[in-house]
Structure formats: structure tokens, C-alpha cells
Amino acid sequence: MPILRITLVVLLVTVGLIGSTIVVHLGWDEPFGRLTRDPTAVLKGPPYIGFLSQIGIFLWAGSAAICFLAAAVLNRASAGARVWSFFLSAGALSLLLGIDDAFLLHESVLPHFGLPEEAVVAGYAVLVGAWLVAYRQRLRARDALLLMTALVFFAISGLVDLVSPWQIGTLYEDSAKLAGLLFWLAYFAGAAMTALSDSR
């Protein structure tokens, strides 16, 4: 990609994000500091608040980055539409779930607009299920066990979230989600390395 086009894309993304911040500031009368600063600084909390949650965001972002980079390289290497689209869609899925995790879309934002949390979670489950069905041929490799393990941990996390009335349930829920994210990242890192090696 020419440097001029890269520069233009970066500038457009920057302007879009800053513009969104201004829109929220004007529309909801939120001070700029509450929109641009770190949450722990705004809320005057200790830096370890949300430790596991923050780690989770890194893992979602890492998975998305790996998948998008693999998709771009495989597309350029003419590896076949099914191969690079597998990583492109996985990257989009990781990005979507990471954004939801970071901004509490299914817990706070979407329910505010009339979408129940259960419906949003069910929608994500259907989306992941459709992706698994669409790419089932690529998931028959031995490494797919890592992905299946990730999904099992995600399911455990969701189940604990729904049924546990105790505070300790939060630890179980978030621990299961963390394990799922680590297996998710491990699967796509390995799958990307294998696909890129095979495309040489």
C-alpha cells in the first residue's frame, strides 16, 4: 500500500475518533477529560482496578491483529479465498467481541437501547456458531482443540454469569473468560503461522 494512502487512512481514523469524542461531548454534555483519560484516573481508583479485564482487552486485540495480518498476507500470496477469508472473519469476530468487552455493550449500552443482555449474548453465540459451520473444514485440524477449549471456557464464563448469585462467582466467571481468551489467541496464532508457512 502506498505511503500516501496509509497516511490518509491513519488521518481519517484519527479524525473519526476525535470527531466521535466531540459528538459525545456535545450530545451528552460529558467533559472531555471523562472521554479521553484513563478510567482509573477519572474515577480516582488504584491502577490495578480491572486488572484481568484490561489483560482481556489486550488478548482480544492481539487475536484480531494476528488474524487481520494473516488475512492480508495470505490474500496477497493468492492463498485462496477460503483461507484468507477465514482469518479476515475471525479477526472481525475478535474485534467485535473485544469492543463489546471493552465498552460493556451487551451489559450496559445495548440494553439501554432496548436490547436485553440475554438477546445480545445469544446473538453472539449464533454468530460464532455460524462462523464455525462456515469454516468447519478448516477446523478439523488437531489444533482446533485449542479453539474448542476456548469456546468451552467462554460458555462456562457465560453460564456462571447467569446463575451465580455470589461475589465469588465473578472470579470464576472472569477466570474462565481469561482462560478462553488465552486459548483463543493461542489457536489463531498457531493457525496463522501454519497457513503462512503453507503459503510460501
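This is a predicted model: local features need pLDDT of at least 70, side-chain atom pairs count only at pLDDT 80 or more; totals for chains, interfaces and linings use all residues.
Two residues are taken to be in contact when heavy atoms lie within 4.5 Å.

In the pairing of helix α7 with helix α8, E117, V128, W131 and L132 of α7 meet L147, M148, L151 and D161 of α8. Sorted by class, the residues of this contact comprise six nonpolar and two charged, with no polar residue. Helix α7 spans residues 117–134 and helix α8 residues 144–163; their axes come within 13 Å and cross at roughly 170°. Since angles over 145 degrees count as roughly antiparallel, α7 is roughly antiparallel to α8.

A second pairing involves helix α4 (residues 51–76) and helix α5 (residues 81–103), whose axes are 8 Å apart and which pack at an angle of about 160°. By this angle, α4 and α5 are therefore likewise roughly antiparallel to each other. The crossing in which α4 passes α5 is left-handed. The contact of α4 with α5 is made up of 17 nonpolar residues, five polar residues and one charged residue.

Aromatic side chains were examined next. Across the whole structure, a search finds twelve aromatic pairs. One of them joins F86 and F87, with ring centres 5.0 Å from each other and an angle of 85° between the planes, an edge-to-face arrangement. Both partners are buried: the relative accessible area is 1% for F86 and 0% for F87. These values fall under the 20% limit for a buried residue.

The rings of F153 and F183 form another pair, with centres 5.8 Å apart. Because planes under 30 degrees apart count as stacked, the angle of 15° between the planes of F153 and F183 places this pair in the stacked class. F153 belongs to helix α8 and F183 to helix α9 (residues 168–198), so the pair ties together parts of the structure that are 30 residues apart in sequence. In terms of accessibility, F153 counts as partly exposed at 26%, and F183 is also partly exposed, with a relative accessible area of 28%.

Conventions: Residues are numbered from 1 along each chain as its sequence is written. Side-chain values use heavy atoms; hydrogens and water are left out. Axes are lines fitted to C-alpha atoms, for helices over the stretch in contact, and angles run from 0 to 180 degrees between N-to-C directions. Helices (H or I, at least four residues) and strands (E, at least two) are DSSP runs, numbered from the N terminus. Angles under 35 degrees count as roughly parallel, over 145 as roughly antiparallel, 65 to 115 as roughly perpendicular and the rest as oblique. A crossing is left-handed if the near helix is turned anticlockwise from the far one by less than a right angle, and right-handed if clockwise. Ala, Val, Leu, Ile, Met, Phe, Trp, Tyr, Cys and Pro count as nonpolar, Asp, Glu, Lys and Arg as charged, and the others, Gly among them, as polar. Rings of Phe, Tyr and Trp (its six-membered ring) pair if their centres lie within 6.5 Å; planes under 30 degrees apart count as stacked, over 60 as edge-to-face and the rest as tilted. Buried means under 20% relative accessible area, exposed over 50%, partly exposed in between (1.4 Å probe, protein chains only).
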